[in-house]
Amino acid sequence: QVQLVESGGGLVQAGGSLRLSCAASGSIVSINRMGWHRQAPGKQRELVGVITGDGTTSYGDSVKGRFTISRDNAKNTVYLQMNTLTPEDTAVYLCYARVRRPLYGENDYWGQGTQVTVSS
């Protein structure tokens, strides 16, 4: 099994910053890509950012220039630095990882999500 545990969410005022972390653990051979999506009430889930094993990053249009994704391969952890937050960034942030496990090949795994609330 693989577990993803997010941390770092909370309440912040508009213009502020937060840093999210997501650590993967379990039976892991390697992790291809790691990333974040977010889900706001009444809206579709949207991509926030993704980072590949070699460090290549891509971002959703709504967060480009404000959010930065990074990873620590030794710790199987992905981070999301969020700056200049606005109330429109309020959502549950979900971490995911494409993990290769022994015997099971490569699959996507998701965390439980962490709430980010930005007040105006």
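**Note on the predicted model: sheet, core, disulfide and salt bridges**

1. An open sheet of four strands runs in the order β1-β3-β8-β7, with antiparallel pairing. Strands here are DSSP runs (E, at least two residues), numbered from the N terminus, and two strands pair if DSSP finds at least two bridges between them. The edge strands are β1 and β7, each of which pairs on one side only. From one strand to the next, the twist averages 15 degrees; axes for such angles are lines fitted to C-alpha atoms, and the angles run from 0 to 180 degrees between N-to-C directions.

2. On the basis of the note: this is a predicted model, in which local features need pLDDT of at least 70 and side-chain atom pairs count only at pLDDT 80 or more, while totals for chains, interfaces and linings use all residues. Residues are numbered from 1 along each chain as its sequence is written, and side-chain values use heavy atoms, with hydrogens and water left out.

3. Within the sheet, β1 and β3 pair in the antiparallel sense over six bridges. V5 has A23 in β3 as its bridge partner. Strands of a sheet pair through backbone hydrogen bonds, either parallel or antiparallel.

4. The largest nonpolar core has 28 residues, and L4, W36, F67, V78, L80, M82 and Y93 touch the most other members. A nonpolar core is a set of buried Ala, Val, Leu, Ile, Met, Phe, Trp, Tyr and Cys residues joined through side-chain atoms within 4.5 Å. Buried means under 20% relative accessible area, exposed over 50%, and partly exposed in between (1.4 Å probe, protein chains only). The elements giving two or more residues to this core are β1 (2–7), β3, β4, β5 (46–51), β7, β8, β9 and β11 (114–119). The most comes from β9, with five residues.

5. Neighbours within four places in sequence aside, F67 is in contact (heavy atoms within 4.5 Å) with residues including R38, L80, M82, D89 and Y93.

6. A search of the whole structure finds one disulfide, a disulfide being a pair of cysteine sulfur atoms within 2.5 Å. C22 and C95 form this bond, with their sulfur atoms 2.0 Å apart. The pair links distant parts of the chain, since C22 is in strand β3 (residues 18–26) and C95 in strand β9, 73 residues apart. The torsion about the S-S bond of C22 and C95 is about -80 degrees, so the disulfide is left-handed. Both C22 and C95 are buried.

7. Six salt bridges are found across the whole structure, each defined by a side-chain nitrogen of Lys or Arg within 4 Å of a carboxyl oxygen of Asp or Glu. D89 forms one with R38, the closest N and O atoms being 2.9 Å apart. Because D89 lies in the loop between β8 (77–82) and β9 (91–101) and R38 in strand β4 (residues 30–39), this pair ties together parts that are 51 residues apart in sequence.

8. D89 also forms a salt bridge with R66, where the closest N and O atoms are 2.8 Å apart. R66 is in the loop between β6 (57–59) and β7 (67–72), 23 residues from D89. R66 counts as buried at 17% relative accessibility, and D89 is buried with a relative accessible area of 1%.

9. Another salt bridge joins the side chains of E106 and R100 (3.8 Å, N to O). E106 is partly exposed, with a relative accessible area of 35%, and R100 is partly exposed, at 36%. Elsewhere, salt bridges that share partners join R38, E46, R66 and D89 into one network.
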